[in-house]
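Good morning, and thank you for coming.

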Amino acid sequence: MVSSTRSTLNPSTAAGDKPVRSRPVAAVTILLLGSAAIVFGLMLSVSLGAADIRLVTVWEAVFRFNPELAQHQVIRELRIPRALAGALVGACFAVAGSIMQGMTRNPLADSGLLGLNAGAGVGLALAFAFAPSLSFMYIMIYCFIGAAVASLLVFGIGSLSHSGLTPLRLTLAGAAVSAMLLAVSQGVAILFHLSQDIAFWMAGGIGGANWTQLKIMFPWVAAALIGSLVLSRSITLLSLGRDVAAGLGQRTRLVQTAGMIIVVILAGAAVSTVGPIAFVGLMIPHITRYLVGVDYRWIIPCSAVLGSILIIFADIAARMINAPYETPIGALIAVIGVPFFIYLASKRKGEL
Amino acid sequence: MLVPSAKARRTREASILALLGVLIVVIFIVSMNTGFMRLSPLDVLHTLLGEGTQQQKLILFDFRLPRIVISLLIGAGFAVSGSILQGLSRNALAEPSTLGINAGAGFAVLIFISFVPATTAAPIFVLPLLALAGAALTATLIYFLSYRRADGLSPTRLILIGIAVGAGIYAFQLILSLRLDPQNYQFVAIWLAGKIWGGDWRFVLALLPWILTLLPFAFYKARVLNVLNLGDETSKGLGLPLERERLLLAAAVALAGACVSVSGGIGFVGLIAPHLARRLVGPRHQIMLPAAALIGALLLLTADTIGRWILQPTEIPTGIVVAIIGAPYFLYLLAKSKA
């Protein structure tokens, strides 16, 4: 019933698309097939790498763990946390992008392009510089603060002007805030001779993920993802425009604040674990909207699934392309993401 | 509104240019005193007159002066490049770094450094040419990606695609720079952050020909930019051959490329200087371009001085100082703009 009322309204998809309805069948299919693909990807990710490991051994490492075997150790301590971290941050970036695009009706919103990743990066650089022995918990909180500051800056600037948050203005504000925050973290890195430590992390590396990080970030991410599902109906309303949402009796300011808090937690947690990977939050929501329609109750869970799949397989590719060296996954995704962005930008007729 | 007479306007313009000149001289003197070794103004004067100690001469002539001169040159270069780009695209937010040109130039240099160690003397004169090639390729790419037969070169599309292409190039830079050995990596990291590393007259010599030919060319074409400000249709109607437009674009790209080869990724100068210039002397390019050049030179010299002074003895790359000052100004412009 919700889907039918907005069947002709197609808020934040790129201009030129035909109006799409919500497609629950497609969504359920994505959720089911996607979950299977995630499980398959996780197993593949665990078995592939510097030393290829047979799936039987993976199975044994999980269910009949033998601490004497080196392969079991590698699987337990390196490969599994890495694969899980990939799945988790993929969902984080994609859902953060979905929420931002839905709330701002801005097809170019992404935590990387809008400066949130750079903000989390400053938080991390400062944590590295001033408290190198800090536990991951606090590093993550620094990243939350950094991402929050960046989002306040970008959205504050965007909304100061009377014609409001146009996609162009938001993107430019994001680019400027990113440049500034990147400069700050570069400055901190050079000053404290952290350049090399931070560099690989900056390029987006899942290789360093470990159980401790996962255990600390998981509750935050789980809470934020559940929160985003709770909020999803309100986001669908917001995606029709603030006036429409307010007219339908929604407390838009409250929803937007809650949405931004969720976005900050998702982006901050993901960046603190694997570095600032951009374009996931740009691409996945678009693809998802194309597949499942305009209802964010479907878009958000499907984005999470598709985002996980993207990062799991991109991480596998990053390990295989130039073995034994790892290609930075952030760079790898940018190679797909930039043409996607250009496609979105040039589809628009110039009003933007 | 009262329209000032031509004479009053000219006096005002002349006095603004003179004031900028005086400010540059003041910062110049401060800058010569600033750094790891402090020299008092009197010491500087003595040394300039040839009476200083050997050590003072070394610091002043071999380290500080070339760096100051380079700051001035690239400040002016970026500023004029940005002015031309803003004039051509009629977009107030255009500049070499938002259009991805800096990234392209930097990438070409980075490729070179990955294969030839930067510590050898050979690349110095090659770098501007390489940077130029990278900048030109990127500019061409962005031009073709944002050109549509239906509505030509939309300014917003130009910027968005510039940002995207810049992000893509940045990703490749990361891939490449992670392969470098630690020593080269440190060099590249600092260079990409925008450090004026030419503590050396050879860099001045490498840069000078570009600035000396392209700045006068831009000043000479000031009238064309004035006409272009009226819009493509009007320009054509007034009989302006639009091929000249491309030549100006090439000049802007070449200026940015040459500057990037010496200074790395310094953004925002090409954005801020034209804005301040327009605010001070108005939109006529004959006077606006020189004013922008002076403001750019002043801005970079100041940023470089601050970078050397603020956390002694560690230096902060100039590009970082400029970004921290420049980004808020950019955001301010963005918040105020109506488009």
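B:Glu13 and B:Arg284 form a salt bridge, with 3.4 Å between the closest N and O atoms; the term stands for a side-chain nitrogen of Lys or Arg within 4 Å of a carboxyl oxygen of Asp or Glu. B:Glu13 belongs to helix H1 of chain B, whereas B:Arg284 sits in the loop between helix H12 (269-281) and helix H13 (285-309) of that chain, so the pair ties together parts that are 271 residues apart in sequence. Helices here are DSSP runs of H or I with at least four residues, numbered from the N terminus.

Before I continue, a word on the basis of these values. This is a predicted model, in which local features need pLDDT of at least 70 and side-chain atom pairs count only at pLDDT 80 or more, while totals for chains, interfaces and linings use all residues. Residues are numbered from 1 along each chain as its sequence is written, chains are lettered from A and ligands numbered from 1 in the order in which they are written, and side-chain values use heavy atoms, leaving out hydrogens and water.

Is B:Glu13 buried or exposed? With a relative accessibility of 7%, B:Glu13 counts as buried, a word that means under 20% relative accessible area, with exposed over 50% and partly exposed in between (1.4 Å probe, protein chains only). B:Arg284, at 33%, is partly exposed.

B:Glu13 also forms a salt bridge with B:Arg9, and here the closest N and O atoms are 3.5 Å apart. Both residues lie in helix H1 (residues 6-33) of chain B, four residues apart, which is about one turn of the helix. B:Arg9 is partly exposed at 32%.

Let us turn to another pair. B:Asp304 and B:Arg67 meet through their side chains in a salt bridge of 2.7 Å, N to O. Because B:Asp304 lies in helix H13 and B:Arg67 in helix H3 (residues 54-89) of chain B, this pair ties together parts that are 237 residues apart in sequence. Both partners are buried: B:Asp304 has a relative accessible area of 1%, and B:Arg67 one of 10%.

In chain A, salt bridges that share partners join A:Arg82, A:Asp315 and A:Arg319 into one network. Over all chains, the count comes to seven salt bridges.

Terms used
Helices (H or I, at least four residues) and strands (E, at least two) are DSSP runs, numbered from the N terminus.
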